[in-house]
Amino acid sequence: MELHRREFLKIIGATTVGTTLPGCGIKQPKSLIPYVIPEENITPGKSVWYASVCQECPAGCGISARVRDGRAVKVEGNALHPINDGALCARGHASLHGLYNPDRIQQPMRKKPDGSWEVLSWDQAQTYFAEEIQKIQKRGRGGDVVFMTQHLSGALDELVDQWLGSIGSKRRYRYEPFAHESIKKANLLTFATEQVPSYNFAEAETIISFGADFLETWLSPVAFTKGFTAHRGFKNGKRGSMFFVGPRLSMTATNADEWLAVSPGTEGIFALGLVKVILDNNASKGLGVVDATRISEIVKSYSLSAVEKATGVSSEAMKKAALAFAKAKSSLAVAGGTTIEGDAGAAITAAVNLLNYICGNIGKTVRFNHPGISNLNTYLDVAKLVDLMNGEKISAFIFADVNPLFSTPSGLDFDKAMMKVPFRVSMSSFMTETSAPANLILPTHTPLESWGDVEVESGIYGLMQPAMQPVFKTKMLGDILLETRKKLKSSAASSPATMYDYVRDRWRLLQKRIGDTSDFENFWIDSLARGGNWESPKSKVQEVRLSPGFNGSFFSNMKNIENEPGKNFSLLLYPSLNHYDGRGANRPWMQELPDPMTMNVWDTWIEIHPQDAAVAGIKTGDAVQVSSPYARFDLPAHVSTTVKPGVVAIPIGQGHTSFGRYADNVGKNPIDLLDPKPSEKTGGLEWVGITVEILKKSERLALVSVSGSDVQHDRAIVQTIPLSELVKPHATMPTEEHKEEAISMYADHEHPNHRWGMAIDVDKCTGCSACVTACYAENNIPVVGKEEVNSGREMAWIRIERYFDEKSPTPRADFAPMLCQQCDNAPCETVCPVYAAYHTEEGLNGQVYNRCIGTRYCANNCPYKVRRFNWFETKWIEPLNWQLNPDVTVRSKGVMEKCTFCVQRINDGKNTARNENRAVRDGEIIPACAQTCPAEAITFGDLKDPNSRVSKLIVEEDKRDYRVLEDLNTRPAVTYLKAIDLRERK
Amino acid sequence: MTEDYNLNYTDTDIDLTQSLKAPGRGYWLLLTFLFLLICAGGYAWGVQIANGIGESGKNNPVGWAMYITTFVFWVGIAHSGTLISAILFLFRVKWRAAVYRSAEAVTVFGLATAGLFPFIHLGRVWVAHWILPIPNFGGLWPNFRSPLAWDVLAITTYLTASSLFFILGMMPDIAIVRDKARGWRKKVYGLLSMGWQGSDNQWRHYTAAYVFLAALSTPLVISVHSIVSWDFAMSVIPGWHSTIFAPYFVAGAIHSGLGMVVLLLIPMRKAFKIEQYITLHHLESLAKLIIFTALVVGFAYSIELFIAWYSHNPYEQAIFLYRMTGDYAWAFWLLITTNVFVPMLLWSKKIRTSIPWLVGICVSVEIGMWLERFVIIVTSLAHDYLPYAWGLYKPTLIDSLIVIGSFAWFFFLFMVFSKTLPVVSMWEVKEQIEPPMKSSH
């Protein structure tokens with residue numbers, strides 16, 4: 001084909017407009033209200049923040065999306081939101097990778113008879129959808145239409161119900177793989193209320209967690225981490241203590257002061273043992289005589305020795321935990337997570353309820369005030385739905401962003417049942433395992449493109465607004481429902497036409513309900529700017545008493561999940577910190593984020609205790625065949641003390657077959673190993689309870705870990721101090737030990753204005769790795785993939801170093817965030833032959849990417865090994881590259897890169913201060929890692945300012961402060977604070 | 001030594017220029033083979049430039065590996081030339097006359113090979129000139145605190161000095177070739193001989209200049225490899241940061257350089273039939289030197305280990321333990337064996353006067369010296385301060401091809417040299433032969 005110059009120019013012109021238009025943000029002025037600037041005022045190069053609500057898990061944290069030139073480039077916790085108080089977890093950050101995922105469904109599609117997809121326009125697709133629904137209604141099967149969503153609350157939840165009601169159906173499913181059936185069941189039995197309570201970790205002096213990984217995945221990890229930080233904060237010589245009861249050393253467990261490694265299934269026995277100890281020692285609180293006698297009767301057979309025999313935990317440890325729990329001013333015991341969700345789950349939780357009950361925690365740290373999560377359908381409901389589908393009782397299966405095909409055991413045969421439904425409609429953003437067999441796909445916006453509201457807890461209303469124009473030709477789920485409702489010509493003709501109006505209508509009602517009499521527009525704009533409204537009165541905390549019918553027979557099914565040593569193992573599946581139930585697996589950041597306990601990436605593995613591994617001759621990385629009666633597959637072994645002997649653990653979340661390029665064929669889906677039959681006792685899926693056989697195979701699998709060593713070889717990288725030593729007064733005056741002058745040919749650096757520095761409290765760091773993903777997002781750090789990580793080329797500027805404590809009697813790991821220490825006497829700077837590495841006047845170890853010639857000498861000479869080299873040119877996949885932060889250079893191949901305490905944020909803060917003719921305020925500049933840290937472990941500020949928080953912290957914590965590899969005279973700007981060890985060591 | 005040679009001036013001229021005759025088929029075959037290897041290496045480098053340095057097996061934490069290993073290896077090889085030609089000259093060691101030309105060629109070509117690696121290992125080779133102190137508009141200078149900047153200066157100085165020494169030492173010999181050559185060759189050699197006539201005046205100036213140059217080059221033998229060693233010693237990495245590095249590296253450099261000279265002399269004297277000029281006595285003298293350098297190197301190894309133990313520095317101790325027992329322990333034990341123990345065989349006169357034994361032992365030394373640098377560089381980086389950041393290096397096809405290509409490049413240059421320039425110094429050999437006037441009587 002000949003192409004003339006003019007035609008060429010025309011084509012170029014057209015394609016340029018075509019590709020730039022969606023990105024440059026032609027905004028509807030009425031709809032997008034920036035957080036800081038009250039009026040619509042988009043200036044190129046200036047960021048605006050839009051408050052919204054995170055939808056990556058049911059916790060409902062408030063977020064602020066930073067938008068630059070019409071594109072969302074960063075998500076941070078909304079500092080005004082009462083749930084997460086500015087913090088955000090790694091998965092929350094990765095919501096951007098949902099928004100910009102290249103594997104999103106980009107337009108409506110209908111399946112042709114030959115199985116291929118036919119692209120439709122929205123009008124065609126919605127008309128087709130409405131016609132099909134009408135046909136179903138005409139056949140009188142309108143009531144058999146199923147609508148399945150994930151956990152929703154607020155406007156969308158209501159709208160789905162309304163829509164379904166308008167076609168005469170009540171078959172609404174709120175499906176979450178982790179539906180807390182045991183908790184609800186136990187609360188029904190013990191307290192006659194079938195709900196998930198809210199927990200207050202902050203007020204508890206002593207915490208005992210029975211399997212609940214509340215710092216990682218359970219219920220509301222960011223809020224709980226905040227609470228945990230408050231609980232644990234070292235003040236006035238005291239610090240809260242925590243015990244973790246369960247067979248696996250999860251990240252949450254290793255944050256406990258003691259890990260009580262009970263045999264799987266015996267958590268409840270242990271809890272009842274604690275109850276007995278407390279009652280026997282008359283240490284209960286606010287317990288009536290009647291209740292006391294009743295409970296004593298229930299627990300009378302749970303003597304110390306009996307419990308020790310059943311659980312494998314020594315009676316001294318048990319007694320210690322019991323008394324610490326009872327004698328604390330306030331305490332909290334929580335049970336939850338997959339490790340207790342077996343057949344005995346409800347009994348275990350009920351036992352923990354008793355523990356809370358006798359210590360007067362119910363109504364204080366455990367409150368029944370109707371959090372939204374309680375209305376989830378149980379697994380039993382899903383199993384029944386499968387039966388209905390198999391019986392061809394379902395006329396249409398409509399689902400939005402749920403993936404039961406992945407998250408139910410394959411033995412349930414959800415896929416086969418689903419194919420018996422004639423009309424299967426996916427209103428989802430991704431071509432998941434469940435979307436693939438649909439015959440119509442109406443692709444939806446991701447939460448960052450959507451309007452909505454979320455009622456997280458009673459009285460806390462989060463408001464969702466789109467942070468940017470849609471990336472693809474998708475629609476809001478709410479809009480699809482409203483538009484199709486109109487097409488269905490149902491009665492609700494007066495209803496609002498768009499989701500935006502629908503949400504606004506609801507907020508008009510809310511305004512009335514909370515008695516706000518101001519102009520609605522003001523109320524609306526204010527709520528949008530703040531990300532919601534939390535002033536409305538909270539529903540009263542329901543007072544509960546021990547149910548009269550409750551008795552000891554309920555605990556009869558609590559027993560050790562027996563395994564035959566050396567033959568089979570009890571299987572523990574746990575939700576992965578990175579992927580939760582699997583919904584995060586297509587986010588490249590989440591794939592490359594090391595799992596905090598194993599430090600593995602891009603995979604599924606099976607954790608096996610070194611003792612068991614030695615017997616079977618298994619080494620880390622060996623292929624082992626895992627077989628249960630329901631499935632069998634090979635996994636790489638990860639030999640680790642994170643599990644008890646006799647137990648194997650596998651993370652949930654990987655093993656997708658249809659979820660996009662980053663998730664497909666990565667790892668295995670362990671859910672398939674489970675018994676598909678719902679528990680008769682709880683109605684839930686039995687996440688624990690089965691045993692699996694392990695067979696070592698001859699081949700090796702590429703299990704990729706980023707950790708070079710599991711232990712720190714006495715190198716004092718993570719330092720701990722016993723509490724007893726910490727509270728002792730100084731034996732001698734603080735000496736001048738650090739003042740030893742090193743002889744140097746060169747003058748010291750002068751820092752005339754600022755010397756930026758950081759304090760990292762190792763005692764607070766939980767290892768959650770939110771900082772790592774926040775850094776990836778802020779600093780345009782590339783994801784390199786499994787093979788490159790295997791070659792040692794991951795690019796993280798901040799990492800969480802996990803070291804197991806070699807000297808600890810029980811397994812325990814500590815975490816140290818490691819990032820550039822911004823040394824005053826930096827080994828990297830002197831060796832760079834071209835001054836690409838240089839010292840800024842504010843004490844940063846700057847790196848001029850343009851000047852770097854790539855000798856890599858700086859990285860070799862860095863004792864902290866925090867410099868990262870661009871081994872290849874990064875391929876930024878469209879549209880993931882839309883996320884790139886325009887304030888940070890995208891590095892090319894052959895240059896070294898590194899952390900600079902987010903120098904772009906420092907400069908931004910200084911510019912703001914200069915424009916306002918004032919000095920920089922302490923706390924005004926915060927690097928991305930410190931900003932997001934849910935544990936508040938990172939404090940950043942100016943070391944030259946004696947009144948800055950960081951300077952004061954270092955002075956106050958003079959017994960805990962240390963610098964890593966201080967002997968090298970690098971004079972780092974990062975000060976670490978020692979972890980506090982409550983255990984008395986010999 | 002004069003008595004070793006039973007020769008006269010004319011025979012010398014004839015014997016020592018017949019190496020310049022048209023080469024045979026074997027020569028061309030070998031040259032083609034080497035050329036193909038160079039092409040493979042060049043292709044690999046091209047791939048690496050196009051895709052990024054990740055094509056080599058390096059990573060975090062091992063930022064330097066085979067390239068720097070091979071760089072240090074070739075710089076080391078380059079040391080024997082100046083040692084033999086300058087230092088032995090100043091000490092008036094007579095046997096050097098027969099071998100120094102080849103030794104100098106080894107120096108120049110060793111440097112020409114080593115000099116490639118700083119470029120090859122750069123992440124962005126297209127801006128390599130930024131490391132040079134070139135006055136520029138932006139006023140940006142190299143960082144003279146960086147040992148890499150010292151490296152550039154040291155290597156270029158050494159290359160200049162050794163090239164001058166090489167060319168200057170050849171002038172009288174090239175004049176002989178010029179006198180025998182015809183056609184365009186006469187013009188080329190004429191140019192290279194720079195108008196040498198062999199007049200008394202010229203000889204007087206020439207010998208004076210030669211002594212001066214020899215005296216000037218001598219400190220370079222010490223300084224260059226000292227500076228190369230400071231690339232490591234000036235860092236903070238355990239296993240690198242050590243005061244013994246400069247003498248230790250110089251000794252190692254000479255060790256490998258001597259081995260390489262022997263390895264090149266043996267086939268050359270056979271191929272060019274100049275066994276009368278490069279006699280067993282010469283090879284034996286070199287072998288004795290190798291015993292000495294092997295002992296020095298062995299001493300350095302033991303001192304390193306002793307200091308690591310004696311220092312009580314846990315990082316230092318850990319790295320040496322790692323070298324002996326860790327992932328690269330095979331390389332460590334192999335290098336100790338090949339560098340120190342194998343050369344001890346040369347104490348036996350039988351062995352050091354046996355050509356096959358000499359070849360075997362010198363090959364062993366070369367392998368050992370390459371591995372020594374590899375172990376120093378890779379193990380130290382692989383296991384430094386933070387255990388979490390430990391990692392391993394694995395070679396790839398690309399970096400292996402480049403390293404192999406560099407060896408081919410060196411031998412290619414040497415082969416071209418052997419056919420274009422006189423490989424044995426005729427004028428210095430003649431100094432050790434009875435002048436023709438006397439024998440005619």
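Reader: What covers the buried residues of α14(A)?

Author: In this predicted model, the cover includes β6 (145-149), β7 (171-174), α6 (181-191), α15 (404-407) and α16 (414-419) of chain A.

Reader: Which residues of α14(A) are buried, and where do they lie around the axis?

Author: A:Y379, A:V382, A:L385, A:V386 and A:M389 are buried. They cover an arc of only 110° around the axis, so they sit on the same side of α14(A).

Reader: What span should the 12 residues of helix α14 of chain A have?

Author: At 1.5 Å a residue, helix α14 (residues 379-390) of chain A should span 16 Å, and the 17 Å between its end C-alpha atoms agrees with that. After α14(A) comes A:E392, with a positive phi near 55°.

Reader: Which residues touch the most other members of the largest nonpolar core?

Author: In soluble globular proteins, nonpolar side chains tend to be buried together. Here the largest nonpolar core has 430 residues, and those touching the most other members are A:F210, A:L274, A:V275, A:V648 and B:V261. Helix α15 (residues 355-382) of chain B gives this core its largest share, 14 residues. Leaving out residues up to four places away in sequence, A:V275 touches A:I295, A:V299, A:L354, A:L355 and A:I358.

Reader: In what order do the three strands of the open sheet in chain A stand?

Author: Strands of a sheet pair through backbone hydrogen bonds, either parallel or antiparallel. In chain A the order is β17-β18-β19, with antiparallel pairing. β17 (452-457) and β19 (532-533) of chain A are the edge strands, each pairing on one side only. β17(A) is joined by five bridges to strand β18 (residues 460-464) of chain A, where A:M464 stands opposite A:G452.

Notes:
Residues are numbered from 1 along each chain as its sequence is written. Chains are lettered from A and ligands numbered from 1 in the order in which they are written. This is a predicted model: local features need pLDDT of at least 70, side-chain atom pairs count only at pLDDT 80 or more; totals for chains, interfaces and linings use all residues. A nonpolar core is a set of buried Ala, Val, Leu, Ile, Met, Phe, Trp, Tyr and Cys residues joined through C-beta atoms within 7 Å. A residue is buried if 20 or more other C-beta atoms lie within 10 Å of its own, exposed if 12 or fewer, and partly exposed in between; C-beta atoms are placed from the backbone. Helices (H or I, at least four residues) and strands (E, at least two) are DSSP runs, numbered from the N terminus. Two residues are in contact if their C-beta atoms, placed from the backbone, lie within 7 Å. The expected span of a helix is 1.5 Å times one less than its number of residues. The arc is that of the directions from the helix axis to the C-beta atoms. Two strands pair if DSSP finds at least two bridges between them.
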